[in-house]
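Here are my notes on the fold, for reading alongside the coordinates. They go from the sheet to its strands, then to the packing.

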Amino acid sequence: MRQPLTIIARLDKRGSGIIIPNMKQALIIIDYQNDFVDGSLGFPGAEALEERIISLIEKAKADGAEILFTQDTHGCDYMHTEEGRNLPVPHCLKGSEGWKIRGKLGEIAQQSKVFEKPTFPSAELFDYLRKDEYSKIGLCGLDTSICVIANAVMAKAAQPNAHIVFYRFASGSGDPEAEETAVRAMKRLHIEVVEHL
């Protein structure tokens, strides 16, 4: 006769979300690139997020989480793409200074897995997340109202039983009204919103 399976779980350090031992955790840094900080689509305050993201990475590493990055990537035909027709501002052209992951995070990204993506969510990241079982997936970065929420929903689809967390204190948007709408939408999708480290 088979013995019943016993699963021992624990609450995460915030007391929210159940972490199953031996299941993976991930922290995904979304598009913290020069063009979104102080380039063609930059906004005031974005540069201040770098140190917050680094602190979050250090904490995630201490918890054993995998560190992943996305990198918005476009070609010279950007203005002729669907995104270019709706957002006619060339940005993150592959190989340009604006395309690069910013500052110290660029150095960390060199030691991490980076998913280049031609649109808001990363299909490659979706496929990657589906390969294993995750107990927790955190996200932060830019822009909350576009690429962050798109990848948060994508992570939820890839891992429907994982605890998905959005770290608002390490994220931002050039459109505060759209950011608030995105945050409300994530809460309705059972994505935890964390305001402080």
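This is a predicted model: local features need pLDDT of at least 70, side-chain atom pairs count only at pLDDT 80 or more; totals for chains, interfaces and linings use all residues.

1. Six strands make up an open sheet, ordered S5-S4-S3-S6-S7-S8, and the pairing is parallel. The edges belong to S5 and strand S8 (192-194); each has a single partner strand, so one side of each is left without a neighbour in the sheet. Direction ignored, neighbouring strands are turned by 25 degrees against each other on average.

2. Strand S4 and its partners. On one side, strand S3 (residues 24-30) runs parallel to S4 and is joined to it by five bridges. Isoleucine 30 has threonine 70 of S4 as its bridge partner. On the other pairing, S4 meets strand S5 (residues 113-117), again parallel, over five bridges. Here glutamine 71 is partnered by glutamate 116 in S5.

3. Burial of S4. How many residues of strand S4 (residues 66-72) are buried? Seven of its seven are, so the strand counts as mostly covered. In a regular strand, side chains alternate between the two faces of the sheet. Both faces of S4 are covered. Glu66, Leu68, Thr70 and Asp72 are buried on one side. Ile67, Phe69 and Gln71 are buried on the other.

4. The S6-S7 pair. S6 and S7 pair in the parallel sense, over six bridges. Glycine 141 stands opposite serine 171 of S7.

5. Helices on the sheet. H2 lies across S3, S4, S6 and S7, and runs at about 150 degrees to S7. Helix H7 (residues 176-188) lies across S7 and S8, at about 165 degrees to S7.

6. The largest nonpolar core. This core has 29 residues. Ile29, Ile53, Ile57, Phe69 and Leu105 have the most contacts inside it. Two or more residues each come from S3, helix H1 (34-37), helix H2 (49-62), S4, helix H4 (103-109), strand S6 (134-142) and strand S7 (163-172). H2 gives the most, with six residues.

7. As background, nonpolar side chains in soluble globular proteins tend to be buried together.

Technical notes:
Residues are numbered from 1 along each chain as its sequence is written. Side-chain values use heavy atoms; hydrogens and water are left out. Buried means under 20% relative accessible area, exposed over 50%, partly exposed in between (1.4 Å probe, protein chains only). Helices (H or I, at least four residues) and strands (E, at least two) are DSSP runs, numbered from the N terminus. Two strands pair if DSSP finds at least two bridges between them. A nonpolar core is a set of buried Ala, Val, Leu, Ile, Met, Phe, Trp, Tyr and Cys residues joined through side-chain atoms within 4.5 Å. Axes are lines fitted to C-alpha atoms, for helices over the stretch in contact, and angles run from 0 to 180 degrees between N-to-C directions. Contact means heavy atoms within 4.5 Å.
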